[in-house]
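Here is a short briefing on one protein model. Look over the sequence and the structure first, then read the points below.

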Amino acid sequence: MSDPSNPNIQKRSTPQWALYQRENFWKQNEGNWPPFNTDKRTFLTDPKALEEKARMSTTHLANRQAFYRHRIIPRMLVDTNLRDTTTEIWGHKVSAPIGFAPIGINKIYNDQAEVPVAKVAGELNLPYCLSTAGSTPIEKVGEANGKGPRFFQLYMPHDDELTLSLLNRAWNSGFDALILTVDTWQLGWRHDDVANSNYAFYRGIGADLGLSDPVFQKRCAEKGIDIKKDPVAASTLWIDSIWHGRAWSWEKIPWLIREWKRISGGRPFALKGIQSVADAKKAVEYGVDGIVVSNHAGRQVDGAIASLDALENIVNAVGDKIYIMFDSGVRGAADVVKALALGAKFVFVGRLWVWGLSIMGEEGVRHVMKSLLADLDILMAVGGFNSVKDFDRSILESYPKSYSLIAEKSAI
């Protein structure tokens, strides 16, 4: 099973990620079990099992069903011994076309918050994207990530001085691309969270990225808030500054692009949350470098189009004019391949590593992401693919949209 003495391993330009499968198959011989497998019954790399173990709800059905209507067509008797999983994103050569999506308030999943996630991303040479709603100062996350490629996701305040402070901190900490999320000026209606009054920021938990900002500290002082003595008031002011319920429009985008390019010396700027062809065309018109086709894992506009269907529409319209990325609903390597085959240049995953973080901290994140890399490596080996450039529409058989009307649990 993935012979470690295979001479092709030494000739490959990327690691034999597939050996991680062998490593876990061998553990029982040593009296051990794979990570998460505390009951010695279930080998937990299956996303459904991870969801159950992490006690989190499922993603919206539309995102998952959109993947099911596309099927990969493998090719046989292809020499894949020297297959290469790498790609480039914004000047960075990375291990695979897979990145860590920005997810806020990691403190509620693990006490170490974003630090172990950024560390693992750096180890694996996969891009890490830090959320403005993160639980850790930007500088500390950058240090944990080491030399890994890293991007900053912005929730833009209605306070230009604060925005510029965040951008400067990000750039000075090695985050060299900016991704503005445009679908979350405030949180969508999330039934379970509302019913349980579940909002950690209003309990004074997880706002360290903001509380460590010098401009925000000045804002607290102006309002008579002592951050150390009243973390609830400070955290509330912070989150109400970035999930503020006050929509931005396209008119603000030229200012943000100009300021980021000035601060970063011209590094990329992207929009995250694009779902319509009209908005994708608008992004091209405004000179945006890239877009992330995403519906925020189905947690913002209830009943919205599946992210994968949006990707297909957008690639057809502007695929040759802008760098297109994708997220929402990815659960394994086959999903990554399908998104790439439909025209995405890069894919971000979120819930997979969050489940790992919540179950077993740093080791959980490492296990989940190494498993995903192994899954991709093996899929390429047995499916007849030597490069991520082989993933195009010719490798898919696609069926008409036909989504069942099964009720779904509310998203986290």
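Is Cys 220 buried or exposed? Cys 220 counts as buried because its relative accessibility is 0%; buried means under 20% relative accessible area and exposed over 50%, with a 1.4 Å probe and protein chains only. This is a predicted model, where local features need pLDDT of at least 70, side-chain atom pairs count only at pLDDT 80 or more, and totals for chains, interfaces and linings use all residues. Residues are numbered from 1 along each chain as its sequence is written, and side-chain values use heavy atoms, leaving out hydrogens and water.

**Cysteines**
- Cys 129 is buried too, because its relative accessibility is 2%.
- The disulfide count is zero, taking a disulfide as a pair of cysteine sulfur atoms within 2.5 Å.

**Whole chain**
- The protein chain has 412 residues, and 57% of them count as buried.
- It holds 15 helices and twelve strands. These are DSSP runs: H or I of at least four residues for helices, E of at least two for strands, numbered from the N terminus.

**Helix 4 and helix 15**
- Helix 4 spans residues 114-124 and helix 15 spans residues 351-383.
- Their axes come within 10 Å and cross at roughly 15 degrees. Axes are lines fitted to C-alpha atoms over the stretch in contact, with angles from 0 to 180 degrees between N-to-C directions.
- Helix 4 is therefore roughly parallel to helix 15, a term for angles under 35 degrees.
- Residues making the contact (heavy atoms within 4.5 Å) include Pro 116 and Leu 124 of helix 4, and Trp 353 and Leu 373 of helix 15.

Key:
Angles under 35 degrees count as roughly parallel, over 145 as roughly antiparallel, 65 to 115 as roughly perpendicular and the rest as oblique.
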